[in-house]
Structures are given as structure tokens and as C-alpha cells.
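Open your viewer and get the selection tool ready. We will go from stop to stop, and at each one you will hear what to select and what is there.

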Amino acid sequence: MMKKNIVLYLMILIIFTATVFNLSGGKVQESITYFPIDPKVSFQTAYTSITLLNQAKNGHYTLEWQLASTLDRRAYLRQDIGLLFSNGKLIDKSGNWKENTKYLTQEKKITNEGSSFFQAITFHHAELHENDNQIFSAQTMSADQLYVIDTPFSPLNSFRTPMSQDEKDWKEGLDQKTNKLLQNSWNKGIQNFSVNLSQYRTIPLTKFYFKSNDSIPGFSTEESKRIVGNLWEGLYKNYFLGIKKANGTTETPIGSTIPLILLAKDKTHLLVLIETASGKPIILRQKMEYAH
């Protein structure tokens, strides 16, 4: 049984690698690529926002989801990608890229129904070319969350931080519902791939939120920047654009669970654990490589 699990693990394991900028051709591609961080470059603004727009109509309400960022200079390529989850599952994604600019903005209207706990996270990225032989990056992240209470017994309501006892009760209930779904999903994947949790630090992607100079617990600031950049490069290619499966097919990420990030304590690699909308557990593996 153990041998079968190991073989299955190796079949499913997907290495996050991507060469997405063609230096010889010089053609920009819509992708996320990690290059060494330029410490002279910074984001002036970077934000993600979820806002409830109107009262429910025909049982539905509308959210406005905004993503925006401003670099302190024009970049060869600006890219922002965002993920929006409801009660632990991905309901929408948004991506934008533009050449020779410092600004990026995105806005979406989302129709939904029922009480929900919304979580959104965005990776803001810039690719900078100082000359023909040197390419650098700048990166940061932003996030937001919103509780929406939609019942036939009370007016439509939303909050980020509960103020009343009623809101505290709703928050507790939605948190429990979301956490139960995620724990069951992650446990299914952990058992399926025989992951030894004692060897990892685990962080859900929605809490894997680090600004430009933040550090991941157990890692230096420089290590953290590279881990975050490489992680999002892999997530873009293997999750945002479609979940790559062992048989070579691709499944939409919509309906999948919040990815769980597992950081190896020996700092050699990380894993990303996902359950697709069809109920299939997927594990992605990425080597941790550090600049010397």
C-alpha cells in the first residue's frame, strides 16, 4: 500500500517551473516570472477590496471586487492576479497585465446569494529591465475579507469586523462552516499523499499574506521574498490558468478549495494542497532555491 502511495505521489507531484520570458525573441508574454528583487523599487499603493453594493434582488446580491496597485516608476511589465473565495471555495479570479506602466486597476461585479464569508488575495508584480542582461522584480501582496449576511428574516448586511452580538454569532458560524470544509479537504489530501505534517509549517493561501518587507516565520526577509515570488509564479501557471493534473489534462480552478501551503521545515521545498471542484486532491511541489 505504501509503495502504491509513493508511486501515486510521484505521478501527481508537479514541479513549479516556468521559463516564460523569451530573452532571444524579446516578446512579452502574459505570465508571472520571478526575477531577483530590486531593493530600489517599491509599490506606492497596493490594495484589494470587496464591497457589498446593493440589496438582494430575486434572491441575489452584487459585490464589487477591486484590485489596484501603483509602482514608484514605470515598469517593463506590470501584472496583478487576484483570487476570490467564498466559504472556502474559489468563485472567481482576475488578472491584468500591461507594458510600460506603473499603474494597474481591475474591477469586477460578482453576483451571489446566501450568507457567505468572502476572502480575496492579490499578488502585485512588476518586471523591470535595467539593460539587456539584467532583469529584476518588484512584488507585494494585498488582501481583504467580508462577511455578508443574507437571510429572509433580516435586512442584507455586511461587515469585516463584527460589532454586534448578532454579527459575532454569524462570523463564528461562517468561520466554522468554512474551516470544517477546508479541514476535511486538506485531511483528505494529506492522507491520500501520505504527507508527514510534522515536517511542515502549514499556512492557507488566504493567510499567506506578506507585504514587500515581511518575513515568513522561520525564514529571512530575502528568503521570504524569493519563496513568495516563486510560489505565485507556480500558482499562476498551475492553478490560476487551470489546475494541471497527472494525466496531462487541465481543470478549472473555479470551485476548488483554498490552497494549503506546506513549507518544509528543512527549507528544501514547499507543497501546495488543493481539492478540485470535482473532488480530486492535487498536490504541487516546488523546490526552494535561494540566491547566493
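The tour starts with some ground rules, then visits the cores, the aromatic rings and a few loop residues.

This is a predicted model, in which local features need pLDDT of at least 70 and side-chain atom pairs count only at pLDDT 80 or more, while totals for chains, interfaces and linings use all residues. Residues are numbered from 1 along each chain as its sequence is written, and side-chain values use heavy atoms, with hydrogens and water left out.

**Stop 1: the cores**

Select Leu83, Phe208, Trp232 and Leu263. These are the residues with the most contacts inside the largest nonpolar core, which has 44 residues. A nonpolar core here is a set of buried Ala, Val, Leu, Ile, Met, Phe, Trp, Tyr and Cys residues joined through side-chain atoms within 4.5 Å. Buried means under 20% relative accessible area, exposed means over 50%, and partly exposed lies in between (1.4 Å probe, protein chains only).

Now colour by secondary structure; helices (H or I, at least four residues) and strands (E, at least two) are DSSP runs, numbered from the N terminus. Elements that each supply at least two residues of this core include helix H2 (165-192), helix H3 (221-240), strand S3 (61-86) and strand S11 (260-264). The largest share, eight residues, comes from H3.

Centre on Leu263 and show its contacts (heavy atoms within 4.5 Å). Leaving aside residues up to four places away in sequence, Leu263 touches several others, among them Tyr200, Phe208, Phe219, Ile227 and Met288.

Then select Ile50, Phe118, Ala120 and Val148: they belong to a second, separate core of 13 residues.

**Stop 2: the aromatic rings**

How many aromatic pairs does a search of the whole structure find? It finds four. Rings of Phe, Tyr and Trp (its six-membered ring) pair if their centres lie within 6.5 Å; planes under 30 degrees apart count as stacked, over 60 as edge-to-face and the rest as tilted.

Select Phe117 and Tyr147, a stacked pair with 4.3 Å centre to centre and 10° between the planes. This pair links distant parts of the chain, since Phe117 is in strand S5 and Tyr147 in strand S6 (residues 134-151), 30 residues apart. Both Phe117 and Tyr147 are buried.

Tyr236 is buried at 5% relative accessibility, and Phe240 is buried at 9%.

To count, NZ of Lys or CZ of Arg must be within 6 Å of the ring centre and within 35 degrees of the ring normal.

**Stop 3: loop residues**

Select Lys267, in the loop between S11 and S12. Lys267 lies over the face of Phe219, at 4.9 Å from the ring centre. Its phi is near 65°, a positive value in a residue other than glycine, and Lys267 is partly exposed at 26%.

Asn87, in the loop between S3 and strand S4 (89-112), also has a positive phi, about 50°, although it is not a glycine. Is Asn87 buried or exposed? At 12% relative accessibility, Asn87 counts as buried.

Finish at Lys211, in the loop between S8 and H3. Lys211 is partly exposed at 49% and touches Thr140 and Met141, not counting residues up to four places away in sequence.
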